[in-house]
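Work through the following exercises with the sequence and the model open beside you, and try each task before reading its solution.

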2 protein chains.
Amino acid sequence: MTATTRAWHLKSRPQGMPTSDNFELKDLPLDDLQDGWVRVENKWLSVDPYMRGRMNDVKSYVPPFQVGAPLEGGAVGKVVESRSPDFKDGDTVFHMLGWREGAAAPAAAFNKLPAIGVGDEQWLGNLGLTGGTAYFGLLRVAEAKAGDVVFVSAAAGAVGSAVVQIAKAKGMTVIGSAGGADKCEFVRSLGADQVVDYKAGSIVKGLAQAAPDGIDVYFDNVGGEHLDAAFAAARQNARFAICGMIDAYNAAEPQSFRYIMRIISARIAVKGFIYTDFIRDFPAFHQEMGGWIASGAVKSRETVRDGLEATPDAFLDLFRGGNTGKMLVKL
Amino acid sequence: MTATTRAWHLKSRPQGMPTSDNFELKDLPLDDLQDGWVRVENKWLSVDPYMRGRMNDVKSYVPPFQVGAPLEGGAVGKVVESRSPDFKDGDTVFHMLGWREGAAAPAAAFNKLPAIGVGDEQWLGNLGLTGGTAYFGLLRVAEAKAGDVVFVSAAAGAVGSAVVQIAKAKGMTVIGSAGGADKCEFVRSLGADQVVDYKAGSIVKGLAQAAPDGIDVYFDNVGGEHLDAAFAAARQNARFAICGMIDAYNAAEPQSFRYIMRIISARIAVKGFIYTDFIRDFPAFHQEMGGWIASGAVKSRETVRDGLEATPDAFLDLFRGGNTGKMLVKL
């Protein structure tokens, strides 16, 4: 008898903005548990903007999803059956076999999560990809330090809201952008010194008003006009950490920049990065971030959708501004 | 009696592409020679693309030219009168009071040039701003090293042709872009392994063919589609030194990029710089470049216009592709 699990599959490659038609919920056979394998039931699924890139048929830092194959993504689950000495029933694990109810794989696919008194879902948020992306991008890629003026786009999102709080914990001045009054108020509540509402008018003008003396660091989640505004506002030797360009993920048109030439006069350093580039430094990140979570310096905010069926809509809402903080699916 | 000299003045600020109407040749009073001052007769004048930026009324790394005031730029001259103990008649000097026949100023404005057996005009080229820009941009900003695949735009220009030769002297593979068959042949003659003729079709496709395995370094003199092609072709951890964006200097339209998102997946580092950022390392540059010039590893090629009257046209020709190698005016 072969067991199955319900899993979201990529039905067709999206052209531009994805729709629910690109996804299909189907039974997926689970391999029989071999020696050294583990079976888990998922409790939390992560949906993240970077997954959009894997839906295109292009080589990138992770291989593309295949049409007809199950989707993948960060997940937290409980071990329900183990043929590995490293895991026992009830262990909480992080793994990448998300978008599905259960998973069976060799033990190496799973990371046992320590009991440090935080909610399991935090391992998909501030202690996981989003918090780590914020931490390494701000402190290592952009080399932000106390006293710097930091601009972060999509500051009400999962990564952005972590950037705001880490920057404040480290003594920086922070300007966050968000869309609409509610999200701007949320960004302020995280400690941001200034907020730019990108739905209220020109971002270039908004940033110039929020940071009249310019910015030292830009943490980019968005690209497009946000990045152009950062070029316009950059001080000498400004550093830009390019984490995402959500404006471009679904766009057929090229992005245009009026102020990119300031790279030369302001000697701007622009650098792209991926969370996993810093895998050797995860222990240091977990320790420092764990301390901030324990002290309340970094708080988490989630937008939670219920049930496996909700996964594609949760993902699509990332591109419609439907989330404040980290978007999660609870099973 | 007050002496005068003939000097080009900025008559009006160009809108977009400058024309000869923006310039006016007028007599300029020369201050009487005070104690500690020096008077020179210019022999060579430099015209450089960066001067276009100073014709706009915007704050940049150098202050803007003023309407009605004389223009400035790199020049080599001979001392004809000295009231400074540091200079004597006949000394060859580099200074920034170009676009004119003669100049009088405090001795600190002049740098005495050592007699190392190179033509005086080299101090405006391979031993001056253009060669130094190539040297520091390639080796320091982009950290190019032996074995790297280097793409350089405007490779038939003054800076670009120095980049090609320095890169070959350092054991790199070099792809240069230039406009038209003659310039491409010149770039090949400098040692470039591959040439992309940007007038012959898509630069993105041309670079993809010239560098099927991608590029490690891009030295940007042009911006625009050249920069986009470099984004498309970048290997993991590619480094871009942004020296100039001549495509943008006279353009009212923003620049657009189809491949800028590859900054993230390829972890591209993009950095702007100015020659004078490395002023403390000029002695090391002069020594290494002097050695290459002496050995013939770096050759100079100039496009020379005769007489002060030709200066604005020489400058305008920089934007019309009118020069191969360094554009100079000989007085």
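**Exercise 1. The relation between the two chains**

Determine which rotation and shift superpose chain A on chain B.

Solution. In this predicted model, chain A is brought onto chain B by a rotation of 179° with 0.0 Å of shift along its axis, at an RMSD of 0.1 Å, where the copies are superposed by least squares on the C-alpha atoms of residues with pLDDT of at least 70 in both. That is the relation of a two-fold axis. In chain A, the C-alpha nearest the axis belongs to S256(A) and lies 2.0 Å from it. The same surface serves both copies, since 100% of the contact residues of chain A recur in chain B, contact meaning heavy atoms within 4.5 Å.

Conventions. The model is predicted, so that local features need pLDDT of at least 70 and side-chain atom pairs count only at pLDDT 80 or more, while totals for chains, interfaces and linings use all residues. Residues are numbered from 1 along each chain as its sequence is written, chains are lettered from A in the order in which they are written, and side-chain values use heavy atoms, with hydrogens and water left out.

**Exercise 2. The contact surface**

Describe the area buried between chain A and chain B, and state which residues of chain A lose the most area.

Solution. Each chain supplies 30 residues to the contact. The buried area (the accessible area, with a 1.4 Å probe, that two parts lose on being put together, summed over both) is about 2500 Å², and carbon and sulfur atoms give 66% of that area. On the side of chain A, M261(A), I264(A) and R267(A) lose the most, together 24% of what that side buries.

**Exercise 3. Charged pairs and paired strands**

Find how many salt bridges join chain A and chain B, and which strands pair across the contact.

Solution. Begin with the salt bridges, each a side-chain nitrogen of Lys or Arg within 4 Å of a carboxyl oxygen of Asp or Glu; two of them are counted between the chains. R267(A) meets D277(B) in a salt bridge, at 2.5 Å from N to O.

Next, take the strands, which are DSSP runs of E with at least two residues, numbered from the N terminus. Strand 14 of chain A pairs with strand 14 (residues 269–272) of chain B in the antiparallel sense over three bridges, pairing requiring that DSSP find at least two bridges between the strands. Within this pairing, A269(A) has K271(B) as its bridge partner.

Key:
Helix = DSSP H or I, 4+ residues; strand = E, 2+ residues; numbered from the N terminus.
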